[in-house]
Amino acid sequence: MSNFNSIQRKLSEGLYAWMLYEFSCNKAYIFNEKYISYPIANILNNNTNNDQHVLVEQNHPLQNNSQGRPIQVDFVIKNKYDKTAQWEFAIETKWIGNSDITLTDFIWDLIRLQNLFSTNTNVKCYFLIAGNHKKIINF
């Protein structure tokens with residue numbers, strides 16, 4: 001039986017409820033990966049311990065040798081008071097909607113999480129997929 005208080009369940013049910021509410025307000029046309037970061041951050045912020053801090057778009061701890069924008073993780077939870085503490089949670093999100101998402105985009109998100117876990121086996125890594133049901137099924 002699943003835990004009703006698990007962060008995984010709260011993320012999936014909370015994001016679903018928020019998207020359903022926004023859809024009922026005729027806002028589905030603005031859904032995208034950035035737009036869903038608001039409810040995700042709220043759920044994470046309100047379900048962490050007092051000593052934990054939710055951070056958004058954090059640079060991946062493995063060195064990025066390429067030029068341009070650094071490799072980042074969408075959401076991170078870590079100890080708020082210990083600046084040297086390793087991440088406790090890492091969450092990558094992917095929105096499937098009208099924009100073209102490729103299998104490569106998915107794989108790179110998963111590789112980022114896998115590489116993070118290979119350097120810190122205590123981190124809990126999650127991959128959250130949201131979007132248009134038909135587009136997800138046909139992906």
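User: In which helix is Arg112 found?

Analyst: Arg112 is found in helix α3, which covers residues 103-119. Helices here are DSSP runs of H or I with at least four residues, strands are runs of E with at least two, and both are numbered from the N terminus. This is a predicted model, in which local features need pLDDT of at least 70 and side-chain atom pairs count only at pLDDT 80 or more, while totals for chains, interfaces and linings use all residues. Residues are numbered from 1 along each chain as its sequence is written, and side-chain values use heavy atoms, with hydrogens and water left out.

User: Why is Arg112 counted as buried?

Analyst: A residue is buried under 20% relative accessible area, exposed over 50%, and partly exposed in between (1.4 Å probe, protein chains only). Arg112 has 18% relative accessibility, so Arg112 counts as buried. Arg112 touches His60, Ile71, Gln72 and Glu92, leaving aside residues up to four places away in sequence; contact means heavy atoms within 4.5 Å.

User: Is Asn26 buried or exposed, and where is its place?

Analyst: Asn26 lies in the loop between α1 and α2. With a relative accessible area of 63%, Asn26 passes the limit of over 50% and is therefore exposed. Phi of Asn26 is near 60°, a positive value in a residue other than glycine.

User: Why is Glu57 called partly exposed?

Analyst: Glu57, found in strand β1, has 30% relative accessibility, so Glu57 falls in the partly exposed range. Phi of Glu57 is also positive, near 50°, in a residue other than glycine.

User: How do you know that the protein is as compact as a globular protein of its length?

Analyst: The protein has four helices and four strands, in the order α-α-β-β-β-α-β-α along the sequence. Its radius of gyration is 16 Å, close to the 14 Å that the globule rule gives for 139 residues, so the protein is as compact as a globular protein of that length. The radius is taken over C-alpha atoms, and the rule is 2.2 Å times the number of residues to the power 0.38. Of the 139 residues, 33% count as buried.

User: What makes a set of residues a nonpolar core, and which members of the largest core touch the most others?

Analyst: A nonpolar core is a set of buried Ala, Val, Leu, Ile, Met, Phe, Trp, Tyr and Cys residues joined through side-chain atoms within 4.5 Å. Of the 19 residues in the largest core, Leu11, Leu15, Met19, Ile36, Ile40 and Leu44 touch the most other members. The largest share of this core, five residues, comes from α1. A second, separate core of eight residues includes Val76, Trp87, Ala90 and Leu116.

User: Which residues of α2 are buried, and what do they pack against?

Analyst: The buried residues of α2 are Pro39, Ile40, Ala41, Ile43 and Leu44. These buried residues pack against α1, β1, β2, β3 and β4.
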